[in-house]
Amino acid sequence: MSTNETLAQLSNQLVYASMVAYAVSTVSFAASLAATKGRDLTQAAAPVSRRSAKAAETAEAEGSVLVVTRIETETGIGDGGSEPLAPGRRAGNIAISVMWLATILLGAGVLFRGLSVMRAPWGNMYEFSITTAFAISLTYLIIALRRDVRWLGIFVVIPVLLSLGLAVTVLYTEAAQLVPALKSYWLVIHVAIAIICGASFCVAAALSSLYLISEKAERRTAEGRSYWGTGLAKRLPESTKLDGMSYRTIAFMFPLWTFAIVAGAIWAENAWGRYWGWDPKETWAFITWVGYAAYLHARSTAGWKGRKAAYISLVAFACFVFNYFGVNIFFSGLHSYGGV
Amino acid sequence: MSEDVTERTVDDGLSTVPQEVDAGAPAGFGVRGWLRWAWRTLTSMRTALVLLFLLAIASVPGSVFPQRGTDPAKVAAYLADDPVKGQILDRLGMFDVFASPWFAAIYLLLFISLAGCVIPRSVQHWRAMRARPPAAPRNLSRLPEHRQVVSDDTPDDVLDAAAEHLRSRRWRVDVDREQGWVAAEKGYSRETGNLVFHLALVVMLVGVALGSYGGFRGNVVVREGSSFANTLAQFDSFAPGRGFDESSLAPFSFTLDRFTAEFQRGGMQNGAAREFSADVTFVPEPGAAPETRTIEVNEPLVVGGEKVFLVGHGYAPTFRITDKAGDVVFKDSVVCLPQDGNFTSSCVVKVPDTTPQLGLTGFFLPTAAVDDIRGPHSTFPAADDPAVFMSAWEGDLGLDSGAPQSVFKLETENMTRVGIEAMRPGESWTLPDGTVVAFEGYVRFASFAVAKDPGKELALAAVVISMAGLALSLLVRRRRVWVRVSAGAAGSTLVDVAGLTRSEHTTVADEVDELASALGEPAASTADQEEPA
């Protein structure tokens with residue numbers, strides 16, 4: 001089957017157009033964040049460990065009866081209560097709208113790429129990257145429909161733009177048919193799930209980084225010391241919320257990542273005669289899996305909660321990114337059909 | 001073990017997470033004390049975490065250095081390039097990371113740690129599932145989720161209604177009429193899933209071990225027109241598990257009738273493979289009727305518990321060599337090893353039956369080109385313009401020395417080069433001594449892997465169960481609700497409903513609301529006042 005060049009060209013133009021829109025969206029998100037008034041960091045909840053220690057004391061005093069007095073400080077950003085247009089709100093709304101436009105353009109680009117070769121559009125690293133960028137944006141926008149997450153926008157749009165930038169420059173590959181090794185319905189399952197996981201791990205890593213900044217800012221503010229991240233942290237939800245969002249994203253994605261690896265193993269068994277052969281891609285997928293498993297365990301290990309766990313999640317994400325780019329660039333193996 | 005513990009300290013009853021024992025050295029406890037200390041340390045979450053880190057770090061060299069299991073030729077090349085560093089790395093097991101004792105030590109310790117943690121927890125969880133939900137706390141209003149409603153029913157009726165409401169929603173319910181409370185708990189499958197996940201991982205490891213013990217993997221190169229029978233002698237390489245019985249090899253055979261390869265022509269991906277297929281005549285067992293089958297990359301041939309995979313291909317030029325007396329001393333298609341993506345293939349021919357002995361080395365080029373830098377090379381993987389570039393050597397092939405020799409390498413120490421020539425199909429070349437080397441054409445060859453893994457079904461079943469367990473353990477919330485009744489004003493009943501969840505960032509608010517509204521009406525003006533218990 002040959003390639004439909006018209007559709008392939010159209011796809012490229014749509015991807016470029018979406019990048020322009022994402023760039024506009026980035027600027028609007030930045031403006032929105034800068035204009036937001038921010039919260040009072042001194043009202044931030046005490047760090048998790050201290051709080052549970054206190055709770056433990058209380059519980060002991062009550063004779064193991066469960067008692068927690070939780071002070072929830074609702075400090076959603078931008079929901080300025082009576083004022084309909086709090087500072088930064090308009091810019092945030094523009095950013096979201098433009099991001100919708102960009103995502104629709106990118107989605108069409110991905111769709112036409114697939115139609116030009118009549119197959120799932122994730123047969124090489126270029127296609128994987130643009131599809132992942134689309135998945136990241138769509139995930140964020142769907143969350144944004146239900147919650148006010150404008151503060152998160154810029155940290156989502158920047159990885160999307162980076163991914164697209166790499167895709168069109170370094171990773172670009174002409175639309176073409178697949179090598180025989182990829183002609184399997186497992187391509188659709190295995191790679192689609194890897195894309196969803198990649199998108200979510202990216203968001204989780206952004207949240208973990210923000211948690212680290214926010215947590216430190218809260219601690220430093222309590223101690224009365226200065227910190228470069230204070231200005232940013234003021235415009236973010238409290239650190240425990242960021243930590244929880246990151247945890248829930250990873251907890252939801254970890255079984256899916258397990259499935260991505262298992263689906264890959266089933267496919268490998270069918271294509272190469274063994275389900276696990278320690279090919280570099282397999283090895284790094286395993287390392288990534290172990291990294292996120294360590295993160296989940298760290299959260300329930302005394303002395304590893306909070307910052308250390310967040311660092312582990314960042315290391316695990318670094319392993320994922322290395323597995324994606326590094327393995328194809330530095331090592332040769334059975335997954336070397338990325339077109340690089 | 002993937003439990004969060006933000007609120008664990010509040011109520012240990014909701015969790016079976018083992019308590020972190022600060023394993024200080026047990027001075028003066030003797031051997032038993034030390035053993036207990038060692039076991040506790042090994043099975044602690046902290047040790048498991050460290051072992052997980054070690055496992056990840058230990059895997060890294062497996063991707064950095066070439067591995068014997070996947071690419072033995074590259075390992076050999078590494079050792080030849082840098083013998084000193086190579087020897088040290090080899091001693092450390094860096095070329096065989098995943099079969100090395102230190103890698104095994106890490107994962108075995110991890111699995112022992114896992115079993116030592118999970119098995120006691122399973123027993124504990126089994127007891128917890130059969131125990132009654134814990135009694136209602138005295139003061140429900142101090143719980144994170146608390147509602148107070150007023151009912152016109154008698155306290156006993158309210159308790160019955162609450163129990164009925166909760167039972168129909170599959171809560172485990174305990175009622176104490178004397179004390180006037182109902183306690184209920186739900187979400188045990190969180191811990192069940194967690195334990196199943198970890199135990200299934202152990203089963204998966206058993207499946208992996210079973211596969212490598214009772215299975216095998218063999219490789220064979222088959223030229224078009226040639227046959228392969230599934231017996232030990234016919235494999236080019238064969239790696240059996242310790243428990244594999246050779247006589248259990250499935251008695252099939254097949255002939256490679258035709259191998260088809262198609263490549264992308266033009267564009268950035270010029271030369272990329274597009275289609276491989278091997279048409280074979282397959283005989284399931286001796287005497288059975290031959291069947292026509294096609295083996296493709298993602299379409300292995302399945303026979304019994306064994307599978308035949310298409311794993312590679314290449315070219316085998318056909319040479320006919322006639323000595324000066326006119327006798328044919330060699331006539332065969334020679335398998336040449338592809339050196340690059342365009343199938344520049346290196347060939348070796350050994351002719352021991354002449355005096356002196358004759359050897360040829362050189363290249364088969366499916367689409368031939370020559371330049372000053374690269375010498376003879378191929379510019380496209382398909383056979384558009386095939387040619388061979390061969391050197392001829394005469395002397396002693398060294399076959400009689402007894403030392404094992406590779407068929408793909410000519411030992412030229414005791415030989416002298418007598419000529420070099422390029423030929424297209426149909427051309428022939430007369431050596432100085434009158435020997436005639438004719439390049440008659442070529443056939444394709446395909447390489448196949450035959451594999452059997454008797455543990456893979458067990459491993460798959462285990463991993464599917466473990467994924468289900470994992471999903472439960474991460475997505476189910478474990479929660480408790482309580483109802484307490486007390487006498488209200490004017491014969492009414494005051495109903496306190498409260499709930500607690502241990503899973504972080506989740507809530508039982510909806511369930512508490514639903515239960516409260518099923519049991520009574522919000523107490524209008526007195527709602528905020530505490531009734532004396």
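How many of the six residues of strand 3 of chain B are buried? The views below come from a predicted model.

**View 1. Strand 3 (residues 181-186) of chain B is mostly covered.** Six of its six residues are buried. Trp181(B), Ala183(B) and Glu185(B) point one way from the strand. Val182(B), Ala184(B) and Lys186(B) point the other way. In a regular strand, side chains alternate between the two faces of the sheet. Both sets in strand 3 of chain B are buried, with Glu185(B) and Lys186(B) included.

**View 2. Strand 3 of chain B pairs with strand 2 and with strand 22.** Strand 2 (residues 172-176) of chain B runs antiparallel to strand 3 of chain B, over five bridges. Asp176(B) has Trp181(B) as its bridge partner.

**View 3. Chain B is divided into four stretches of assignment, domain 1 to domain 4.** Domain 1 covers 8-130. Domain 2 is made of 140-187 + 477-522. The C-alpha centres of domain 2 of chain B and domain 3 of chain B lie 64 Å apart.

**View 4. Five strands of chain B form an open sheet in the order 13-14-15-18-19.** The pairing is antiparallel. Strand 13 (337-338) and strand 19 (415-423) of chain B each have a single partner strand, so one side of each is left without a neighbour in the sheet. Strand 18 (residues 387-395) of chain B meets strand 19 of chain B over eight bridges. Met390(B) has Glu421(B) as its bridge partner.

**View 5. Strand 15 (residues 357-365) of chain B is mostly covered.** Eight of its nine residues are buried. Seven bridges join strand 14 (residues 345-351) of chain B to strand 15 of chain B. One pair is Ser346(B) with Phe363(B). Nine bridges join strand 15 of chain B to strand 18 of chain B. Here Gln357(B) stands opposite Gly395(B).

**View 6. A cis peptide bond joins Thr355(B) and Pro356(B).** Omega is about -10°. Pro356(B) lies in the loop between strand 14 and strand 15 of chain B. Those two strands are joined as a hairpin through five residues.

**View 7. Phe343(B) and Met118(A) have positive phi values without being glycine.** For Phe343(B), phi is about 60°. Phe343(B) is found in the loop between strand 13 and strand 14 of chain B. Is Phe343(B) buried or exposed? Phe343(B) is buried, because 26 other C-beta atoms lie within 10 Å and the cut-off is 20 or more. For Met118(A), phi is near 50°. Met118(A) is placed in the loop between helix 3 (89-117) and helix 4 (125-146) of chain A. Met118(A) counts as exposed, with 12 C-beta neighbours inside 10 Å.

**View 8. Helix 9 (residues 280-298) and helix 10 (residues 307-330) of chain A come within 8 Å at their axes.** The axes cross at roughly 170°. That angle makes helix 9 of chain A roughly antiparallel to helix 10 of chain A. Helix 9 contributes residues including Trp284(A), Ile287(A) and Tyr295(A) to the contact. Helix 10 contributes residues including Ile312(A), Cys319(A) and Phe320(A). By class, the contact has 16 nonpolar, four polar and two charged residues.

How values were computed. Residues are numbered from 1 along each chain as its sequence is written. Chains are lettered from A and ligands numbered from 1 in the order in which they are written. This is a predicted model: local features need pLDDT of at least 70, side-chain atom pairs count only at pLDDT 80 or more; totals for chains, interfaces and linings use all residues. Axes are lines fitted to C-alpha atoms, for helices over the stretch in contact, and angles run from 0 to 180 degrees between N-to-C directions. Helices (H or I, at least four residues) and strands (E, at least two) are DSSP runs, numbered from the N terminus. Angles under 35 degrees count as roughly parallel, over 145 as roughly antiparallel, 65 to 115 as roughly perpendicular and the rest as oblique. Two residues are in contact if their C-beta atoms, placed from the backbone, lie within 7 Å. Ala, Val, Leu, Ile, Met, Phe, Trp, Tyr, Cys and Pro count as nonpolar, Asp, Glu, Lys and Arg as charged, and the others, Gly among them, as polar. Two strands pair if DSSP finds at least two bridges between them. Domain bounds come from an automatic or database domain assignment.
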